[in-house]
Amino acid sequence: MTGFVVRRIGFYTFVAVVLAFFALPLLWLVTAPFTDTPTYEVKVPDFTPANFQAIVEHPYALGSLVNSIILAVGTAALVVLFASLAAYALSRVRLPGRDALLYALLLLSSIITGTAAMVPLFQLAVTVGLIDSQLGLILILTGGLLPAAIFMLKDFMDSTPKSYEESARVFGASPLQIVGHIVVPLVRPGLATIAVWALANVWGNFLMPYLLLSDVEKQPAAVIMYTLYTEGGQPNLRLLSTFGLLYSIPVVLMYLFVSKKYGFRFHGGIKR
Amino acid sequence: MSTDAAGLGRVRASAFVAPALILIAVFLVFPALWVVLLGVTNYRLTGLAAADPEFVGLDNFVSALTDGRFLDSTWLTVQFVLGSAVIGQAILGFTLAKVLHGRVKRFVEGLVILAWILPSAVVSFLWIALLDRDSGTLNTLLGIPGFPWLLDHPMLSIIVFNTWRGTAFSMMLYGAALGNVPPSHLESARLAGANGWQQLRDVIFPHIRGHILTNLLLISLWTFNDFTPFLLTAGGPDGKSEILAVHVYKVALQGGELGYGAAVSTVILLINLVVAVFYLRLLREQR
C-alpha cells in the first residue's frame with residue numbers, strides 16, 4: 001500500500017516537472033502580444049489590441065503569412081503525392097538496390113538541406129533562373145523532404161495487408177485504381193502524418209527562402225520575422241511577440257485538426 | 001521477397017518512383033556532388049579566387065583536420081548529439097510514452113508536440129525570453145536575477161533547448177512501438193515475478209529494438225545538422241557553442257571561404273555516414 005502511494009506521488013511529481021518544462025517557454029508567447037510595452041518578462045497582460053493593430057499596419061507582415069501558406073501547401077502536396085507513389089512502388093516491387101538507395105538518400109537529405117548545400121543550391125537556382133520564384137523554392141524544398149517522407153511512408157505501406165489489393169486485382173482493378181481506392185484509404189494516417197510533417201517543416205524553414213527569395217513581397221513569415229527590429233538594432237518585442245503568435249496559430253490549428261480527424265501518431269509505422 | 005500484390009510490374013513501378021527520384025537527383029544529389037567538388041578548390045565569395053577558383057587538391061581537408069577550431073567544433077557537436085538527442089529526446093520520449101495514460105497523457109502530449117511544431121524563429125525567441133538574464137522567467141522563478149545562462153552555460157542551454165524542441169518525435173515513435181508489444185508476453189513476465197526493470201530489459205526492449213535504432217539514427221542525424229542553436233547563441237560566446245552546422249555557416253558565408261567551407265561540409269557528410277553505418281550494422285545484427 002505505501003509502495004503504491006509512493007509510486008503515485010513519484011508519478012505526479014514527474015508529470016508536474018514535465019508539464020512545467022514544456023509549458024514555461026510558451027508562457028511568453030501568450031502574454032507578451034497582449035501587453036502594452038512587452039519586455040522579456042512574463043506579466044499578466046493588459047489585453048491591449050495595439051500590438052495587433054501595429055502588425056496589420058505593417059506593410060509586409062500579413063502578406064508574408066500568405067506566402068508561407070503558398071510555400072507550405074504547395075510543398076506538402078507535392079511531397080505527399082510523389083512520396084506515396086514512390087513508397088508504394090518500393091514497398092510492393094523489389095527494385096534492385098532499393099534499401100541501400102533509400103538509406104543513402106535519407107542520409108543525404110538530412111545534411112544537404114541544411115547549411116552545407118547553401119552555396120550550390122544558390123548557384124543552381126541562379127543558373128536555371130529559379131531565383132525569386134516561389135515555384136522554384138517549392139521544388140527545392142520538395143526534393144529535400146522527399147527521402148525522409150518515402151522512408152517513413154514505405155514502413156506504413158509495408159505494414160498494410162496485401163490481400164485487399166490481390167482481391168481488387170482479381171476483379172480487374174488497374175494499379176492506379178488500386179492505389180487510389182485501396183492503398184490510400186489504408187495508409188491515410190500515414191499520409192496525414194507526412195503532410196503535417198512537411199507543412200510544419202516548410203512553415204518553419206528560414207534558411208532556404210532567405211537565400212532564394214530576395215523580393216520582400218514574396219518572402220514568407222520566417223524571413224519577415226527577422227526584419228522586425230527597431231532602428232537601434234534591438235528586437236522590436238511588440239511586433240515580434242505579436243507576429244510570432246500569429247505565425248504560430250496556423251500550425252497549432254492544423255495540429256488540432258489533424259489529431260482530431262486522424263489521430264496524430266505513428267500507427268505502427270517506422271519499424272526497421 | 002516482397003510480393004507484387006497490385007500487379008504493378010517493374011515498368012510501372014519505375015514510373016511511380018520517377019518523379020520523386022528526379023526531384024531528389026536535381027535538388028539533393030547534384031548539390032551534394034557540387035559540395036564535394038567545391039571542397040577541392042580555393043573558391044571564395046569575394047576577391048580574386050571568386051572569379052577564377054583554382055584546384056587545390058586536399059589542402060582544404062588537411063587544414064580542416066588540423067584546425068583546432070574545427071576539432072573543438074566536432075567535439076561540441078558530439079556533446080550536443082549525445083546530450084540532447086540520445087540522452088534527452090530518446091530517454092524522455094520513451095519515458096513519456098511508457099508512463100502516461102488517459103487524460104494526463106493527452107494533455108502532456110499536446111504540449112510536447114506543440115514545442116515540436118512551432119516554427120524555429122518563434123521558439124528561439126521564446127527561449128531567449130525564458131533565459132534572459134534580467135527579466136527571464138527562469139531567473140525569476142529560481143530567484144537568481146542577472147544569471148547569464150546563454151553566456152555561462154551555452155552548451156547546457158542549447159542541449160536542454162533541443163531536448164525540449166525534439167522530444168515529441170521520439171515520444172510518438174515509442175508510443176507506436178509500445179503498442180506492438182504483445183500484452184500476453186508482459187503478462188507472463190509479470191506472473192513469473194519480473195520487476196519493472198526486468199520487464200523492460202527482457203520483454204519490451206527486444207520487441208522494439210528496431211524502433212529504438214531507427215529513432216536514434218534519425219534524431220542523431222537531425223540533431224547533428226541542426227542550425228537552430230545559432231538563433232540562440234550564434235555559436236558564442238567565443239565559439240563555446242559553435243557546433244559544426246554553425247561552424248560551416250561561419251567559415252563559408254560569414255568568412256567567405258566557400259571552398260574551405262565545402263571541404264568541412266564533406267567531412268560532416270562522412271561523419272554522418274559513419275554514424276548511419278554504425279546504426280545500420282546494429283540493426284542488421286538483430287535479424
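User: How do you know where domain 1 and domain 2 of chain A are?

Analyst: Chain A splits into domain 1 (2-50) and domain 2 (61-261), with the bounds taken from an automatic or database domain assignment. Bear in mind that this is a predicted model, where local features need pLDDT of at least 70, side-chain atom pairs count only at pLDDT 80 or more, and totals for chains, interfaces and linings use all residues. Residues are numbered from 1 along each chain as its sequence is written, while chains are lettered from A and ligands numbered from 1 in the order in which they are written.

User: What makes domain 1 of chain A count as in contact with domain 2 of chain A?

Analyst: Two residues are in contact if their C-beta atoms, placed from the backbone, lie within 7 Å. Six residues of domain 1 of chain A meet seven residues of domain 2 of chain A that way. The C-alpha centres of the two domains of chain A, for their part, are 31 Å apart.

User: Why is A:L211 called partly exposed?

Analyst: Count the other C-beta atoms within 10 Å of its own, all placed from the backbone: 20 or more means buried, 12 or fewer means exposed, and in between is partly exposed. A:L211 has 19, so it's partly exposed. You'll find A:L211 in helix 10 (residues 207-212) of chain A; a helix here is a DSSP run of H or I, at least four residues, numbered from the N terminus. Leaving out residues up to four places away in sequence, A:L211 touches A:M118 and A:F122.

User: What makes the crossing of helix 10 of chain B and helix 11 of chain B right-handed?

Analyst: A crossing is right-handed if the near helix is turned clockwise from the far one by less than a right angle, and left-handed if anticlockwise. Helix 10 of chain B and helix 11 of chain B come out right-handed. Their axes are 10 Å apart and the packing angle is about 145 degrees, on a scale from 0 to 180 degrees between N-to-C directions, with axes fitted to C-alpha atoms over the stretch in contact.

User: Which residues meet there?

Analyst: From helix 10 of chain B come B:H185, B:L186, B:A189 and B:R190, and from helix 11 of chain B come B:Q199, B:D202 and B:V203.

User: How do you know which helix of chain B gives the most to the side that touches chain A?

Analyst: The contact takes 80 residues from chain B and 84 residues from chain A. Helix 1 of chain B gives the most to chain B's side, with 19 residues.

Terms used
Helix = DSSP H or I, 4+ residues; strand = E, 2+ residues; numbered from the N terminus.
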